[in-house]
Amino acid sequence: SNYPPAVDSCSIQFVCGDLVNERFHGASVVYSNAVLFDSHLCGILGHSLDRADLQPDAFVVTATRRFSLPSFDLVDVVRLPCNGGDDFTFYISQKRRGTSSATTSTSMMNNAIALHPSSSTPAISDSTSMRYLREYEKGCLLEKLIMVSLQEGELEDLAFLTALGFSEPTVRLLSSHSNLMDSIGIWLSIEENEDMKTRASTSMALRAIAAFPIGRRTIAEHGAVLRSIFASLDERGEEDCRANDHLVIRANLVDILGQVLHDHVGNEELNKLGIDELIENAMTNIPETEGGFGMLRDACEEVKVMRRWRSGRHHNAK
């Protein structure tokens, strides 16, 4: 097993208080029975844990809900029989050394790998070949490939970035490139790029990155990307600005916004930009017979539900 040996005995203390106010200072393992927690509470606790001064390689274990923890990697998912005979899913995340809730530089990531090669449990999204690619020549080869992909921006380059996006540790490395989000913002822009293939491929790369907490936080902290997504979804824009738009691409972009809403910072940023009004107008004047309408409708409904949960309005929702 990659996990520490079981503790023979321990002392359990019950404390009356509000978990939201807990700082978790010095904790090595945090368990949260989040079965009935709503997204609003999960967002607050995830943000607090991500910023907490935990022990190196600390674990956060949650039941049924995975907290958004940008400085953690998901290292295991376990299903166990619990109350009433039902199987519950437990998410096990581990803090990465040399990381914080902010984006991590490539050198910091490589130093963490070199100094602590066996201290951390591998992320379940990672693979042996991906780890080898990150560690080969101390990451120099992967660094060059990423830089070339960002400079060229051809379909093959976007496909490569999308493939990298399926590994959480590699997304952490990708997020350290400040020009990554700048390039994505330009490639997504309808006004500046009329190539639908490029926009579609870019949205797929961004969707892969948004699948992980570190990717969501990176997107949330880059206003240019969010503004580019908003501009491409705004039905009130000029007709020629959205002439090359496609409902499937728009549905993918809405889905990305829904992923960003899982992040505490992302929810705040999207609220400032007017996410609710944008989603209400996203399907204006679109015939239900048009291809991709169902995908866009479902994506918009998911965002609406998440917004209700994040704002605490789900209790009054019909």
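This is a predicted model: local features need pLDDT of at least 70, side-chain atom pairs count only at pLDDT 80 or more; totals for chains, interfaces and linings use all residues.
On the α1 side the contact is made by Ser39, His40 and Gly43, and on the α14 side by Met306, Trp309 and Arg310. Sorted by class, that contact has two nonpolar, three polar and one charged residues.

Now the second pair. Helix α8 covers residues 196-209 and helix α11 covers residues 247-260; they pack at about 25 degrees with axes 10 Å apart. Angles under 35 degrees count as roughly parallel, so α8 and α11 are roughly parallel to each other. The crossing of α8 past α11 is left-handed. From α8, the residues in contact are Met196, Arg199, Ala200, Ser203, Met204, Leu206 and Arg207. From α11, they are Ile249, Asn252, Leu253, Asp255, Ile256 and Gln259. The classes here are seven nonpolar, three polar and three charged.

Last, the largest pocket. It holds about 770 Å³ of space. Its lining is made of 21 residues, and Gln13, Phe24, Val29, Val30 and Tyr31 lie nearest the centre. Which elements give two or more residues to that lining? They are β1, residues 29-32, and α1. Strand β1 provides the largest share, four residues. By class, the lining has 14 nonpolar, five polar and two charged residues.

Note on methods
Residues are numbered from 1 along each chain as its sequence is written. Side-chain values use heavy atoms; hydrogens and water are left out. Contact means heavy atoms within 4.5 Å. Ala, Val, Leu, Ile, Met, Phe, Trp, Tyr, Cys and Pro count as nonpolar, Asp, Glu, Lys and Arg as charged, and the others, Gly among them, as polar. On a 1 Å grid over the protein atoms alone, a cavity is a set of points where a 1.4 Å probe fits but cannot get out, and a pocket is an open set with protein on both sides within 12 Å along at least five of seven lines; lining residues have an atom within 4 Å of a point. Grid points are joined across faces, edges and corners, and a volume is the space filled by probe spheres set on the points. Axes are lines fitted to C-alpha atoms, for helices over the stretch in contact, and angles run from 0 to 180 degrees between N-to-C directions. Angles under 35 degrees count as roughly parallel, over 145 as roughly antiparallel, 65 to 115 as roughly perpendicular and the rest as oblique. A crossing is left-handed if the near helix is turned anticlockwise from the far one by less than a right angle, and right-handed if clockwise.
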